[in-house]
Amino acid sequence: MTSRQAARLLIIGPQGSGKGTQGVRIAELLKIPAVSTGDVFRANVKDGTELGLQVQAIIEAGDLVPDELTSAIVRDRLAQADAASGFLLDGYPRNLGQVGDLDGFLEGRGEQLTAVIELSVPRDESIRRLSLRAAEQGRSDDNAESIAKRLAIYESETAPILDVYRSRGIVDSVDGVGSLDEVFERVVSALAARGITA
Ligand code: B4P
């Protein structure tokens with residue numbers, strides 16, 4: 001029998017793979033905070049804060065916000081009391097520099113990630129979903145140029161971090177094509193097999 005494990009999770013996948021959608025559901029199930037760097041940046045842009053003004057043009061172009069800024073935000077968020085016994089990261093880390101930063105904060109607490117869920121979807125499905133969201137919600141970075149750039153950065157900078165986590169034996173690859181409930185059940189089963197349960 002697998003012993004119960006702390007939920008210190010990362011959900012990762014190309015844009016439009018549904019990581020935001022599934023991340024929130026998994027975090028609710030496990031009663032841990034979902035920490036989405038994209039949501040933090042969008043909320044700051046919406047509220048017109050200093051951080052928002054700094055990152056708005058970067059996000060709209062589909063580029064990555066500098067690591068120092070992003071890692072400092074995550075470090076502060078993980079220091080809050082509700083993340084003491086578990087958390088789900090969505091959209092961070094997304095390059096090797098951020099993996100090093102995260103390892104550094106977690107080592108300082110005697111912790112490490114316990115599972116990485118990779119949601120895989122084909123490129124044409126990512127583009128289809130983001131184009132649909134552009135029509136429905138009008139998110140300013142869901143234009144053709146920004147989507148293409150985000151997907152290219154995912155391939156060049158984010159996908160390689162999976163090799164690091166694979167070498168630690170903590171990656172589960174889950175098929176992200178299907179209904180929201182089907183994908184959710186796949187993620188829940190993969191986590192349960194590692195002893196990560198509600
Ligand atoms: P994010 O908010 O992380 O945005 P994203 O990577 O584009 O992912 P998105 O939210 O669109 O994808 P999801 O799979 O959830 O980042 C935005 C920007 O912030 C970045 O471009 C960057 O500038 C900056 N940023 C964020 N983190 C950073 C970091 N660590 N370092 C530097 N910069 C950073 O999309 C899901 C869509 O698919 C939804 O519309 C949903 O309705 C749909 N969907 C989900 N599941 C589905 C299903 N099963 N079937 C059909 N549709 C589904």
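Buried, in this talk, means under 20% relative accessible area, exposed means over 50%, and partly exposed lies in between, with a 1.4 Å probe and protein chains only as cover. The model is predicted, so local features need pLDDT of at least 70 and side-chain atom pairs count only at pLDDT 80 or more, while totals for chains, interfaces and linings use all residues. Residues are numbered from 1 along each chain as its sequence is written, and side-chain values use heavy atoms, with hydrogens and water left out.

I start with helix 8, residues 180-193. Helices here are DSSP runs of H or I with at least four residues, strands are runs of E with at least two, and both are numbered from the N terminus. V183, F184, V187, A190 and L191 of helix 8 are buried. Viewed down the axis, the buried residues of helix 8 fall within an arc of 125 degrees, so they line one face; the arc is taken over directions from the helix axis to the C-beta atoms. Helix 8 has 14 residues and should span 20 Å at 1.5 Å a residue, which agrees with its end C-alpha atoms being 20 Å apart. That expected span is 1.5 Å times one less than the number of residues.

Next, the ligand. Its shell holds 29 residues, and the closest are G18, D63, R94, R133 and R150. A residue belongs if one of its heavy atoms lies within 4 Å. What is the make-up of the shell by class? There are seven nonpolar, 13 polar and nine charged residues. Nonpolar covers Ala, Val, Leu, Ile, Met, Phe, Trp, Tyr, Cys and Pro; charged covers Asp, Glu, Lys and Arg; the others, Gly among them, are polar. Helix 1 (19-30), helix 2 (37-47) and helix 6 (123-137) each give at least two shell residues, and helix 2 gives the largest share, four.

R150 has a polar side-chain atom 2.6 Å from a ligand oxygen. For K19, a side-chain N or O atom is 2.9 Å from an oxygen of the ligand. V65 uses a backbone N or O atom, 3.0 Å from a ligand nitrogen. The protein covers 89% of the 1,000 Å² of accessible area that the ligand has on its own, by the Shrake-Rupley method with a 1.4 Å probe.

Last, backbone geometry. Most residues other than glycine have a negative phi, and most peptide bonds are trans. K31, in the loop between helix 1 and strand 2 (34-36), has a positive phi near 55 degrees. K31 counts as exposed because its relative accessibility is 74%. Y92 and P93 are joined by a cis peptide bond, with omega about -5 degrees. P93 sits in the loop between strand 3 (86-90) and helix 5 (96-108).

Note on methods:
A polar contact is a pair of N or O atoms within 3.5 Å; within protein, one must be able to donate a hydrogen and the other to accept it, and residues adjacent in sequence count only if both atoms are side-chain atoms.
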